[in-house]
Every structure is written in C-alpha cells, then in structure tokens.
There are 2 protein chains.
Amino acid sequence: MISIDYQDRRPIYEQIVERYQTLIVRGILPPDTQMPSVRQTALELKINPNTISKAYGILEREGFIYSVKGRGSFVSGNQNVRDRKKQIWLEKLEGLLFEGRDLGVDSASVAACVDRVFGIKRKEEQS
Amino acid sequence: MISIDYQDRRPIYEQIVERYQTLIVRGILPPDTQMPSVRQTALELKINPNTISKAYGILEREGFIYSVKGRGSFVSGNQNVRDRKKQIWLEKLEGLLFEGRDLGVDSASVAACVDRVFGIKRKEEQS
DNA sequence: ATGTGTGTACTATGCCACATAGTACGCATA
DNA sequence: TATGCGTACTATGTGGCATAGTACACACAT
C-alpha cells in the first residue's frame, strides 16, 4: 500500500503524507476506511512508529483522516479536502508555468504537453 | 542581483544555483560576463564565502559558468545548457500534469491556467 | 478482570546536511 | 609587490530527521 523512496530527498514522514493524500483524494481509500495501524505500518516499512505517527498527525490536522483513541485512524469524508487539494495543485502548476515562461519555453511545447497528458482538444489554437 | 529567501526550505547554495541558472538561460547574464566574486557576494548577502563557492562549483560542473584561477568566474557560452534546462523543465511539467490528472483536476482549469500565464498571443518575447 | 491492539506523548540519542569560521595556497593583474 | 580572484582544507555549531525506549489512556474481545 505504501512504500518509501530513500532516493527521495524529502523526509519519510512527508512522503507518507503525500502518498496517503493521493490515495484518499483519488478515492482509493473511501471515507471511514480504517488506516493501517501505526505500529503495523512501522513494522512493514521497517521504520520507527514515531515517524508514522507524525505523518498521521499531519494528515489529521489537514482533515484527511480522523483518529479515535483505542480504535484507530480512519479516512475522513470531508469533501472540502479534495477541492482544497486541487486548488493547491493548481497553484503549484501556475508557479511552474511561470518558471517555464521565464526560461523561454515556447507555449506550443507546453500546449503539446498538456494535450498529451489530458488528451483533449483545446478550444482552438489562438490565432 | 541575487537574494536569499530564508523561508525557502531549500539550502542557500541551491537557491543561488537556481537563481543564476535562470539569469543565464534567460540571457540576462550574457556569455563571458564576469560573475560577482565569491567574497563580494558573500559580503553582500551576509553569508559565508564557502557557500557561494559551493554554488559556483555546481554551476561550473553543470556548464553554466567557467572559472579561471586568479581572474574570476564567467558565464559560459554553451548553448546546450539552455536547451537541456528547458528539456528538464518540460519533463517536470509532464510529471506534475499526470499528478493533477490523477487528482481529478478538470482540463478546463488547466487550460485556463496555461492561458493565464502564457497569454493568448505570444508574438514577441524578450530577447 | 485480563489481554491485546489502538493512538498519543515524552525524553534521550545519533546522524547528517548545511552553514559557518578560519586558514592557506596558487594564480592573474595593476 | 600588493591586491583580488578561485580553490581547498579542517574544525565547529546548528537543526531537522529518525530512532530507541517507555509510558499512558482508551476500546474491544475473552
């Protein structure tokens, strides 16, 4: 379900947060699904329970999951989370696009890339 | 010319590398322009010369600048650098777009974002 | 009541990247 | 010669990250 990339420069707890965010937003983990227990995940990934706990704490603060003492952690049904996640992604995209524009990347290359991924026909080529 | 953002999680030397990469690729720093000296920049930014030196070392290894002992560091005229930088950026963009698609972002939002940044018409660009 | 599994909190420790401080050397140029 | 340049080296301090270990409160099945 979850894996760690030790080549990734980001800390482990952050990778876990990001991974679960995606799984939840995409609906692979439906609302009220029980999350793997802190200790269980720690055993499987061969890392310290504290690290998982830290990730879960962040996920809870962000509204992705909710925790119940003695029972476990569960996926939140909060719909706003998904929208907020999309919003953040769009801001990230905008930042990257600005960077590319400053680099001098031509818009045609960008449009081609967008078409390739989203497989759409853009309204019309700007004339 | 150069500034540091201490809010940025990236290390200082990496920010400097990125900043100069942009300035060089955009042509703001033309080939054979002399780079600010290590000690001078260190004084202005109130950081250690070693940190600047580290950044310059990376920039040289990547082909953005070349250093001459006793004289200084200068902007490289290597054209391949610019193209390679664009190439890397496009790959980064593609990765982000896939992520957004998986998140369920609708293509219209993406198209709007692209248009907003790159503009509808793009006849002339800075040269 | 007991045992097991859960989240949570806390302290202590080690590691490592980063940045700094200080010094020194070789080289180019005025 | 004096100055400024890049470069190299050692030593030190700091902070984030991860670990180790322990402990507590709670839910649930037995």
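**View 1. Tyr66(B) and its bridge partner Phe74(B), in strand 2 of chain B of this predicted model.** The two strands concerned are strand 1 (residues 65–68) and strand 2 (residues 72–75) of chain B, which pair in the antiparallel sense. Their pairing runs over 4 bridges.

**View 2. The hairpin of strand 1 and strand 2 of chain B, with 3 residues between the strands.** Gly70(B) in this hairpin takes a positive phi near 85°.

**View 3. The contact between chain A and chain B, with 36 residues from chain A and 37 residues from chain B.** Between the two chains, about 3900 Å² is buried. Carbon and sulfur atoms give 69% of this area.

**View 4. The salt bridge of Arg26(A) with Asp102(B).** The closest N and O atoms of this pair are 3.8 Å apart. Between chain A and chain B the count is 6 salt bridges. Residue pairs in polar contact between these chains, both at pLDDT 80 or more, number 11.

**View 5. Helices of chain A on the side that touches chain B.** Helix 1 (12–25), helix 4 (79–103) and helix 5 (107–118) of chain A each supply at least two residues of this side. The largest share, 16 residues, comes from helix 4 of chain A. By class, the side of chain A that touches chain B has 15 charged, 15 nonpolar and 6 polar residues.

Terms used: Residues numbered from 1 in each chain as written. Chains lettered and ligands numbered in written order. Predicted model: local features only at pLDDT ≥ 70, side-chain atom pairs only at ≥ 80, totals over all residues. Heavy atoms only, no water. Contact = heavy atoms within 4.5 Å. Buried area = accessible area lost by both parts, 1.4 Å probe. Salt bridge = Lys/Arg side-chain N within 4 Å of Asp/Glu carboxyl O. Polar contact = N/O pair within 3.5 Å; in protein donor to acceptor, adjacent residues only side chain to side chain. Nonpolar A, V, L, I, M, F, W, Y, C, P; charged D, E, K, R; others polar. Pairing = 2+ DSSP bridges.
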